[in-house]
Amino acid sequence: MQVKKALLASALLVSAPTVWAEDLLQIYQAAVKQDPVYAAATAAHRATQEKVPEGRAALLPNVNLSANTTWNEIDTQYRGSTSLPFPAGMRKYNSNGYTVMLDQPIVRMQNYAQYAQAKQQAAAGDAQLTDAQQNLVLRVAQAYFDYLLAQDGVNLAEAQKKAIAEQLEIAKKSFEVGTSTITDTNEAQARFDLINAQEIAAQQDLAVKRQQLVSLTGQLPGELLPLSAQFAAKSEEPASVDAWLQDAMAGNPQLRAQQANVEIARQEVKKSQAGHLPTLDLVASYSDNGAGNSTFGVGTDTTAKTVGLQLNIPLYAGGGISARAREAVAGEDQARANLEGTRRQVELNVKQSFLDTQSSLLRVKALEQALVSAQSALDSNKLGFQVGVRTSADVLNAQQQYYSARHDLQAARYQWILADLRLRAAAGKLGQADLARVNGYLGKS
């Protein structure tokens, strides 16, 4: 008992405040606000959304203002004749001015390709955020049910310990009155010592699973709602793997991100090849300059306005443009290969998750029947022990089988729930609504 209390106390030694979250949705809502992995994903998404205005800016006018002010000290002396109308000597004056320049791209094919790239980068960012949201749902559900399974392990260890203690007491009394041998007592004592060790391990596992929830939410969880006693696993629609594959090919966020990456690479090829093409810009400027006592001995004010077209024709750049174009083509080939690899992985994940849901459901049904049989076997062995046709070891073995069946059944139920969520994630359909549906499976025991 002291070891148990120490393990529970160590689980509370964190600086985060306690939140009495009771269900899966509350844990998820806390994780949305506090999980650093999801926070990083949302920040990355905000960054990718700025690619669109950045790309659009290359198509819009570029206007610059420059200004200057200068103090001048000029000493002028003329050689030879002194009858020139321009005064000689030292002149000190200030000159200043400003210039406004406008540059509007008219024909710059690389800029159009860059803008198309930016829109695809934003689309890839949207898909990556969706993937991060689905991943958070899965991580929260996994941590939640890992905690429940660990809690079940503690509860079952305590119940089994109590049952073994009762059997140990019966064996001791039977030995004292001579109706059983010391072997029964030793067997019960060995089982009791073993369950003590298992209870300590279960408490330690529970403390670890609690910390996993803390890492998601930044807060200590309270008592979490277990599966409802009325919970029953059932087949989910659609029942065909082909339907799930069709959804995945259209909606899987990882696949959509890779498709956007292929388009980004294709536009990179266009942008690189556009380095060979002429560019045409509209340029205009307005300047206003003034000077005090200038070279001619009088002040001046000058304004200038210009407008025109500027054509630039690239002739030779040392082969760099062609090299960059070949590099971009190789990058597009790489992106297409990555897309195919992602498509195959998504197909594998869908099929595997679909099979997991089917096999988990069958396992749940089988273990439900196994638990009924284990309960009947335990009852029969207890009765047989009372009438002298079963030994204490038989009862202990039946107890072990019963509690193992209970633990395996709960683990199979959690596995079915998680397999269903993973299948929906692979198809790109997982969202908070699915978490709310799973939350409906929970309830007071």
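The protein has 11 helices and six strands, where helices (H or I, at least four residues) and strands (E, at least two) are DSSP runs numbered from the N terminus. This is a predicted model, so to speak of local features a pLDDT of at least 70 is needed and side-chain atom pairs count only at pLDDT 80 or more, while totals for chains, interfaces and linings use all residues. Residues are numbered from 1 along each chain as its sequence is written, and side-chain values use heavy atoms, with hydrogens and water left out.

On overall shape, the C-alpha trace spans about 150 × 50 × 40 Å along its principal axes. The radius of gyration is 39 Å, whereas a compact globule of 445 residues would have one near 22 Å; this radius is taken over C-alpha atoms, and the globule rule is 2.2 Å times the number of residues to the power 0.38. Of the 445 residues, 38% are buried. Here buried means under 20% relative accessible area, exposed means over 50%, and partly exposed lies in between (1.4 Å probe, protein chains only). Contact means heavy atoms within 4.5 Å. Among contacts with a separation of 6 or more, 82% are between residues 24 or more positions apart.

A190 is found in helix α6 and counts as partly exposed because its relative accessibility is 45%. From A190 to N135 it is 55 residues in sequence and 45 Å in space, C-alpha to C-alpha. A239 sits in the loop between β4 and α7, and with 54% relative accessibility A239 counts as exposed. A239 and I164 are 75 residues apart in sequence, and their C-alpha atoms are 45 Å apart in space.

Next come the empty spaces. Rolling a probe the size of a water molecule over the atoms shows where empty space is left. The search runs on a 1 Å grid over the protein atoms alone: a cavity is a set of points where a 1.4 Å probe fits but cannot get out, a pocket is an open set with protein on both sides within 12 Å along at least five of seven lines, and lining residues have an atom within 4 Å of a point. Grid points are joined across faces, edges and corners, and a volume is the space filled by probe spheres set on the points.

Searching the whole structure turns up one cavity of 30 Å³ or more. The largest cavity has a volume of about 60 Å³, and its lining is made of Q160, I164, R191, L194, I195, Q198, L396, Q399 and Q400. Two or more residues each come from α5, α6 (182-217) and α10, and α6 gives the most, with four residues. Sorted by class, this lining has four nonpolar, four polar and one charged residues. For the classes, Ala, Val, Leu, Ile, Met, Phe, Trp, Tyr, Cys and Pro count as nonpolar, Asp, Glu, Lys and Arg as charged, and the others, Gly among them, as polar. Leaving out residues up to four places away in sequence, Q160 touches I195, Q400 and Y403.

As for pockets, the second largest pocket holds about 330 Å³ of space. Its lining has 15 residues, of which L138, Q254, N349, A425 and A426 are the closest to its centre. The elements that give two or more residues to this lining are α5 (109-176), α8 (253-273), α9 (320-387) and α10 (392-426). The largest share, five residues, is from α9. By class, the pocket lining has five nonpolar, seven polar and three charged residues.

Finally, the search finds seven aromatic pairs in the whole structure. Rings of Phe, Tyr and Trp (its six-membered ring) pair if their centres lie within 6.5 Å; planes under 30 degrees apart count as stacked, over 60 as edge-to-face and the rest as tilted. F231 and Y441 are an edge-to-face pair because their ring centres are 5.2 Å apart and their planes are at 65 degrees. F231 lies in the loop between β4 (220-221) and α7 (241-251) and Y441 in the segment after α11 (432-439), so this pair ties together parts 210 residues apart in sequence. F231 is buried at 9% relative accessibility, and Y441 is buried at 16%. Y441 also forms a tilted pair with W416, at 6.3 Å centre to centre and 40 degrees between the planes.
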